[in-house]
Amino acid sequence: MSNEDKSRRAFLKGAAAGAGAIAANAVVPAAQAQAAEPMTMNMPVTDAHGAFFNDDESTTIAAFTERLMPGAPGKPGARNADVLNYIDLALAGAYADLQEFYRHGLNQLDAYCRTTYQRPFARLEEKQQDEIITALETGKAAGFAWPRAQEFFNSIRTHTIEGMFADPIYGGNKDFAGWRLVGFPGAQLFFSKAEIQGKAAFTRAPMTGLKSQAKTPPRRT
Amino acid sequence: MATMKTDVVIVGVGGAGGILAAELSKAGMKVIGLERGPRLKTADFEPHDELRYFQRQDLRPNWKHQPVTWRRNANERAMPMQTLNYGAQAGGGTVHYGALSWRLHEDDFRARSVTIARYGAPAIPVDSSLTDWPLSYADLEPYYDRAEYELGVSGQAGNVQGKKITGGNVFEAPRERDYPLPPLDADQSGLIFNDAAGKLGYHPFSSPRAILSQAYKGRAGCTYCGFCQAFGCHIGAKSSILVTKLPEADASGNFTLITGAMCYRVNSDNSGRATGVSYYGPDGSENAVEADLVILAPFTYDNTRLLLLSKTAKFPNGFANSSGHVGKHFMTHLRARVQIAFDDRHVNIFMGPSAQKHSIDDFNADNFDHSGLGFIRGAQISVSPVALEGGPIGEATMNPPPGVPRWGAGWRDFFAKYYTRHAAIAAQIEDLPYPHQTIDLDPNVRDQWGLPAPRVTYDSRRPNELARTEFMARKLEEIGHATNANLVWRAPETGGAPGGHHMGGTRMGSNPKDSVVNRYSQSWDVPNLFIMGSSTFPTMGSGFNPTLTIQALAYVTSDAIVNRYRRNPGPLV
């Protein structure tokens, strides 16, 4: 096992312990869950609260972000990357000033879903969830005062992208799921002339994260 | 409250202030530099982290605590805006910039005269304050040269003493000698751009950058890691003030840097002479520096803000503002952009020095005939990542092509396929000066020190600017299609918002009645006050990034202070 793998495992272990059952739950790809049973009534109740979100909020955010960035075989999505964990930790720390923004936004979303479909977001069918998200995105969802529907949508979308593609040290992009999806090799410290001029995909290992930065001097040949 | 005495106090030790700190302290003057942020080290910048530095803008002032606000017109309430080039540490914006290092063209210094001579006075919008600079390219050439050699700039010359050189920028003004360092290697996107622009008969070249293409002055050459714009360089190959001029200032023994020091007022006596500055320390304490010479060199907005905050009975409209022009003629680079994406090749835009990798100058300044086009002036056109750095968080900000949604499986599949297969071609478009585009003090928003935020009132959607932008967008599409990309699509318009490279507010001129500083960046009203940076630019010059011109002007000022002002303090003009 390389040092990188060791440190990554140690980190993931820590992250999983910190986030309760979330990490274990998140590895089930959406498509797989869908194949087993209809999504409707069966959304997990195990998106337990983390550092900031309560149980219901966790369940909603996990479902919402998965629709923004759905997983499929060979294509990791928000659950695979543990985007929920990323947003939860961010709201408990760097984005603490957005806590009320999220609380209000989630309350308004819940009210809107119950008015429209008589159910909370996580218990809607995917098609209904997508309709709700579209209504937010286009500002057509009723009952949003602060945050406005579009504002709330844009923030969740931005934070989903961060959770997919930020370094795993921040709690998302689990096992480099986001970076593997798009082919980003992480913070490489040098590229050769052949590499910067090559037309092929860049595949040189390892994909590096902050925890596993090799402290070798940068070089270029 | 602490009070210190010194020969020179410099507020803001960035692209301009860092040069003055080094040159004046080396000349034997006692210099104190005030910097509101920390002084970081090269070791602080490894490893690279896109979330921290690009997304959360760790090297820029936090807009929640140090806001700059923007409104389109006087009827709107201004809201905090994101600022691209603002710095939050010693070295200022040069720590995190893309390091583009351009000289302006000869005609850029006399845009008004040249426009009238070629197209007639009616070609200039009646409400524009387009003007000529009080100095010429020939005046500035030795200082451009000095900046390139002292700091370390890599590029391919296109005009040495009038001799045109293929492969360089054939539109550039004559330079006395070549760049100190050869151009940075082209990457895949640069080669694609070169090929397409060349096919169309344009003149592509490797953009000049203050990034070392090989070892220079004890610093290592670039490793092409791609983390330039928004990041600090992890090996010091970017020629920021941190690794170039601050060590020189330190070695002089005459320079003291005070970090965590937020200047809030320029002090003056009854005669109107500047006597020093007041600043808040990191603990909130009020402190003062008494100095014979006061040099203001923070970012654009803060020059105007400091003058407006320092009004006196003698200067009731702001310190050194008898002209009434402080805060006026605000300008920003407008942008047009297309994205291109390929099915049959990778581009790997995350590699290589990140911003504006290769350029053409064919449609910049007055390098092309504007007859019948309905606008004057132009743009620099270049190939870049969408976000000027190529990580996936930045590139995910691109608008997807028509028909592709912004979220869901459709967006996922688009981004998963094209993240490594796309590039952006962008026009960085000159903006004309208008007196009613302004910076003033926001009556509603205050910063962490309780000072009113600088407020920008600006809307780029004026007829000349809209025509120029649309012309450039079509050029970008033409080049995009010439790359044989499978997808070529435009970025959305900006809604009148300020773009990059904010300039103006303390414009330089030949007449004290219609400008704030003279050609030496010296206040007309207060001879022992110098005001540095792009706030002094009377016009944007062109679509070129301003830093090298800011730095050349700082050398002009340092020479004038050391060789003339010090012996005979007083007006230099």
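Pro147(A) sits in the loop that links helix H8 (126-137) to H9 of chain A. Helices (H or I, at least four residues) and strands (E, at least two) are DSSP runs, numbered from the N terminus. The peptide bond that leads from Trp146(A) into Pro147(A) is cis, with omega near -10 degrees. This is a predicted model, in which local features need pLDDT of at least 70 and side-chain atom pairs count only at pLDDT 80 or more, while totals for chains, interfaces and linings use all residues. Residues are numbered from 1 along each chain as its sequence is written, and chains are lettered from A and ligands numbered from 1 in the order in which they are written.

**Backbone features**

Most residues other than glycine have a negative phi, and most peptide bonds are trans. The table lists exceptions to this in both chains.

| Site | Feature | Value | Loop |
|---|---|---|---|
| Trp146(A) to Pro147(A) | cis peptide bond | omega near -10 degrees | Pro147(A): between H8 and H9 of chain A |
| Glu46(B) to Pro47(B) | cis peptide bond | omega near 0 degrees | Pro47(B): between strand S2 (31-35) and helix H2 (50-55) of chain B |

Are Phe176(A) and Gln57(B) buried or partly exposed? A residue is buried if 20 or more other C-beta atoms lie within 10 Å of its own, exposed if 12 or fewer, and partly exposed in between, with C-beta atoms placed from the backbone. Phe176(A) has 21 other C-beta atoms within 10 Å and is therefore buried. Gln57(B) has 18 within 10 Å, so Gln57(B) is partly exposed.

**Chain A**

Chain A contains eleven helices and zero strands. Of its 221 residues, 43% are buried. Two residues are in contact if their C-beta atoms, placed from the backbone, lie within 7 Å. Among contacts in chain A between residues at least 6 apart in sequence, those that join residues at least 24 apart make up 62%.

Helix H4 (55-68) of chain A packs on two other helices, described here in turn. Axes are lines fitted to C-alpha atoms, for helices over the stretch in contact, and angles run from 0 to 180 degrees between N-to-C directions. Angles under 35 degrees count as roughly parallel, over 145 as roughly antiparallel, 65 to 115 as roughly perpendicular and the rest as oblique.

The axes of H4(A) and H9(A) cross at roughly 80 degrees and come within 10 Å, so the two helices are roughly perpendicular. H4(A) contributes Phe64(A), Thr65(A) and Leu68(A) to this contact, and H9(A) contributes Ile156(A), Arg157(A) and Thr160(A). Nonpolar residues are Ala, Val, Leu, Ile, Met, Phe, Trp, Tyr, Cys and Pro, charged ones are Asp, Glu, Lys and Arg, and the others, Gly among them, are polar. The contact of H4(A) with H9(A) has three nonpolar, two polar and one charged residues.

With helix H6 (residues 83-92) of chain A, H4(A) makes an angle of about 125 degrees, and the axes are 9 Å apart. H4(A) is therefore oblique to H6(A). Here Ser58(A), Ile61(A), Ala62(A) and Thr65(A) of H4(A) meet Val83(A), Leu84(A) and Ile87(A) of H6(A). By class, this contact has five nonpolar, two polar and no charged residues.

**Helix H5 of chain B**

Helix H5 (residues 188-199) of chain B has twelve residues and spans 17 Å from first to last C-alpha, close to the expected 16 Å. The expected span is 1.5 Å times one less than the number of residues. Its buried residues include Ile192(B), Phe193(B), Ala196(B) and Ala197(B). The buried residues of H5(B) pack against H11 of chain A and against elements of chain B, including strand S14 (379-384) and helix H10 (463-482). Gly201(B), which follows H5(B), has a positive phi near 90 degrees.

**Contact between the chains**

How many residues does each chain give to the contact? Chain A gives 39 residues and chain B gives 35 residues. On the side of chain A, the elements that give two or more residues are helix H4 (55-68), helix H9 (149-165), helix H10 (177-182) and helix H11 (193-197). The residues on this side of chain A comprise 22 nonpolar, six polar and eleven charged.
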